[in-house]
Amino acid sequence: MAIPLKYNVRSLLVRRVSTAMTASGIALVVAVFVIVMAMVAGIGATITDSGAPDNMVVVRRGATTETYSLMTLDQFNALRFLPAIRRDAAGNPLASPELPVQTLLQRTSGGSENIVFRGVLPVALKVHDQIHLIAGRMFRPGMNEIIIGKSLVGRYANCTLGAILRFGRGTWRVVGIFEAHGSSFESEIWGDIHSVQDEARRGAYYACARIKLAAGANVAALIQSIANDPRIDLQAQSEPEYYRDETIVTTQLRSLVMVVAVIMGIGAIFGAMNTMYAAVAARTVEIATLRALGFSPGAVMLSFLAESLVLALAACVIGVILALPMNGFSTTFANFVTFSTMAFSFRVSPAIIIEAFAFAALMGLLGGWLPARQAMRLTVVDALRNV
């Protein structure tokens, strides 16, 4: 026969001070856990959302990112006419040569950060079809005009429609603002690739190419053709795979979060353990009465474990509520793979909340295990002797 749960709830309410202190410790651990995990999820989503499943990234052999790649005009011209590349209504291949470089922008709050300045042609908007202009117009080729991602607006100086930015030896006018479904492209500046080549002094070289696959294209055969064709001699991979490789940063952050959470969790476990030991010591008569009423040692142990678990889960609810205001909060992150800054938003997902409850339950069970065993081993005679 199990002891009613309301007995444990009433016991927690009677010991308000110790219960509140233990719950506060667990709630703070949970809040930190949820906030940092939301940050990791936001960074990861911003990076991975940049990739379209029907797009491929083509870079120099051995290049880990487009920043360290180099492609000649001849290589691109040989690449763009492969049959597996989709064409528009006019028959033009949807292949976008690109040249991402970095420029320093002044933050409105002070300081400066590296931002990607991507040189492209107008075809880029057809290849990157998740990108849409939300204000202004597309830049004109050959002109020092740029469009900027919406995450730059208000965060950096002169990042508004019609403003003038300085890059290289010249000045550039902002003629459009675009969105990209929250991806890292929203933290970039786009301008005419030939003008970017001149200002960056990169000659006639590109860094990479983005290509859109034709329906039913044999991806494996295309990758092989790009690698084996002596006119091309480049390497290709799908955009999701390319950006997945960049999420190594989030993997490392997640591991760090777990280490910190375990360290903080150990402190919360000891807090719960002290609370439950005090509960056992103060309730020897109650334990003796329960045993005298016919409740088994196992039922007593489960009752105290349930009490510790209820305390932890109630604290978890408070911790999650404390962390929820961070959901959607936007800030910046330095991507150490590309050495550029991108904006991201904290994402408190249902999966993170479930993980938080599992973590809190583990803290509650570990914190209540030893006190519950002590309560189970307490006999009626021993309990009454200590009165």
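1. A definition to start with: Ala, Val, Leu, Ile, Met, Phe, Trp, Tyr, Cys and Pro count as nonpolar, Asp, Glu, Lys and Arg as charged, and the others, Gly among them, as polar. By that scheme, the lining of the second largest cavity is made up of six nonpolar residues, one polar and one charged. Do keep in mind that this is a predicted model.

2. In one of them, D49 pairs with R347, with 3.6 Å between the closest N and O atoms. D49 sits in the loop between α2 (16–48) and β1 (55–60), and R347 in the loop between β12 (340–345) and α11 (350–377), so this pair ties together parts 298 residues apart in sequence. D49 is partly exposed at 33% relative accessibility.

3. K212 deserves a look of its own. This residue is buried, with a relative accessible area of 1%. K212 forms a salt bridge with D54 (3.2 Å, N to O). Because K212 lies in strand β9 (residues 208–212) and D54 in the loop between α2 and β1, the pair links parts that are 158 residues apart in sequence. K212 also forms a salt bridge with D129, at 3.3 Å between the closest N and O atoms.

4. Lastly, a network of salt bridges links E66, E98, R118, E188, R210 and E239.

Terms used. Residues numbered from 1 in each chain as written. Predicted model: local features only at pLDDT ≥ 70, side-chain atom pairs only at ≥ 80, totals over all residues. Heavy atoms only, no water. Salt bridge = Lys/Arg side-chain N within 4 Å of Asp/Glu carboxyl O. Helix = DSSP H or I, 4+ residues; strand = E, 2+ residues; numbered from the N terminus. Buried < 20%, exposed > 50% of the residue type's maximum accessible area, 1.4 Å probe, protein only.
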